[in-house]
Amino acid sequence: MSFWFGMLINEVPFLGIYFLVASTALAAAQGDLQTTGARMTVAVAALATIGLTVSAWRGVRSDVAVGRALDDGLRAGWRERVRAPLRRHRPWARILLLPGHMRRRDVTRVRNISYGDAGRRNLLDVYRRRDAPGNAPVLLYFHGGGYTSGAKSREARPLLYRLASQGWVCVSANYRLRPETTFPGHQIDAKKAIAWVHEHGPEYGADPSRLFVAGSSAGSNMAGLCALTPNDPAFQPGFESSDTSVTAAICLYGYYGHYFGDPPNEPPPPPQPQGYIHPEAPPFFIAHGTRDGLGTVEGARHFAAQLREASTNPVVYVELPGAQHSFDIVHSPRFDAVVDGVEAFTATVLLTAEH
């Protein structure tokens with residue numbers, strides 16, 4: 001219930017504050033605050049405003065949590081080592097006034113490109129800068145929705161547009177959902193999308209040798225599993241020879257555990273994606289909210305700890321105070337701080353790969 005009723009207002013509490021202040025001011029101007037009931041309503045509005053202010057402050061301070069996580073995962077001094085220009089300030093005008101506005105004039109979106117034979121569930125969108133720079137790093141993103149809903153144009157758009165404006169090629173893909181398919185059908189689609197980027201990405205200015213895979217919720221689970229199973233024929237039936245390797249993974253508010261709906265009379269596959277961790281796992285950036293009502297923060301914390309114990313590559317784990325599930329729907333102080341963190345993480349990984 002806290003997720004469904006607080007998903008939006010928890011990320012942009014400014015909107016609630018604007019409404020309460022404006023409606024109270026209007027009532028005062030019309031002389032409607034003279035009764036006891038009206039004064040009690042104003043008192044409730046004041047308490048709500050205080051609560052919203054606390055929520056807003058937690059979001060604003062998310063950059064502190066992101067910075068500490070980067071220092072912990074990438075070691076202190078990472079910013080001095082990164083040559084790519086990193087954003088110093090979040091886009092406050094957009095956050096405060098137009099949090100739902102995503103489009104950028106310098107970014108074009110090529111829609112509904114087919115990467116498989118499952119109709120609209122095997123379509124993807126390509127975001128790239130209008131001047132189409134070549135040999136660009138790639139972000140491939142998978143949406144959330146518990147494997148039963150969702151679409152490629154819903155979550156993480158502030159991240160997709162931001163990186164595209166910086167010269168990246170960003171790809172957001174649909175995949176088959178339940179009940180049309182079950183595990184490993186979703187994962188096979190994800191691998192097909194990666195294979196598509198390796199084969200066709202250069203046509204859009206992409207450099208597939210610098211491919212980051214990302215996702216939210218169920219898509220986070222898929223992204224993590226893709227990163228841990230490069231070129232695994234079990235997830236590539238009919239295209240076993242295709243390259244599905246990736247450079248690193250970005251996991252946002254993921255679910256980490258056994259796939260639901262496993263046959264009760266058969267041994268379930270290993271928990272995903274942690275059941276596939278190995279010492280050569282690529283770098284990971286994991287972000288999770290402390291108030292996530294759908295995917296527990298304990299699960300994310302445990303996954304990050306397992307990765308750090310086994311992998312020789314960096315693991316950045318960000319715990320976002322007060323964040324719920326789906327914190328990437330709109331521009332908010334919290335998610336734009338995460339976007340800055342992802343940009344720093346990817347720049348550091350790319351710089352390390354060059355050496």
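Q: Which residue just after H7 takes a positive phi?
A: This is a predicted model, where local features need pLDDT of at least 70, side-chain atom pairs count only at pLDDT 80 or more, and totals for chains, interfaces and linings use all residues. Residues are numbered from 1 along each chain as its sequence is written, and side-chain values use heavy atoms, with hydrogens and water left out. Helices (DSSP runs of H or I, at least four residues) and strands (E, at least two) are numbered from the N terminus. Just past H7, a positive phi of about 105° is taken by Gly-167.

Q: How many residues of helix H7 are buried?
A: Buried means under 20% relative accessible area, exposed over 50%, partly exposed in between (1.4 Å probe, protein chains only). H7 spans residues 157-165 and is mostly covered. Its buried residues include Tyr-161 and Arg-162.

Q: Which helix do the buried residues of H7 pack against?
A: They pack against strands E1 (107-114), E2 (123-129), E3 (136-142) and E4 (169-173). The helix on that list is H11 (333-354).

Q: How many disulfides does the structure hold?
A: A disulfide is a pair of cysteine sulfur atoms within 2.5 Å. For Cys-170, the nearest cysteine sulfur is that of Cys-251, 16 Å away. The sulfur of Cys-251 is 10 Å from the closest one, in Cys-226, so that pair is too far apart for a bond. The number of disulfides is 0.

Q: Is Cys-170 buried or exposed?
A: Its relative accessibility is 0%. Cys-170 therefore counts as buried.

Notes. Contact means heavy atoms within 4.5 Å.
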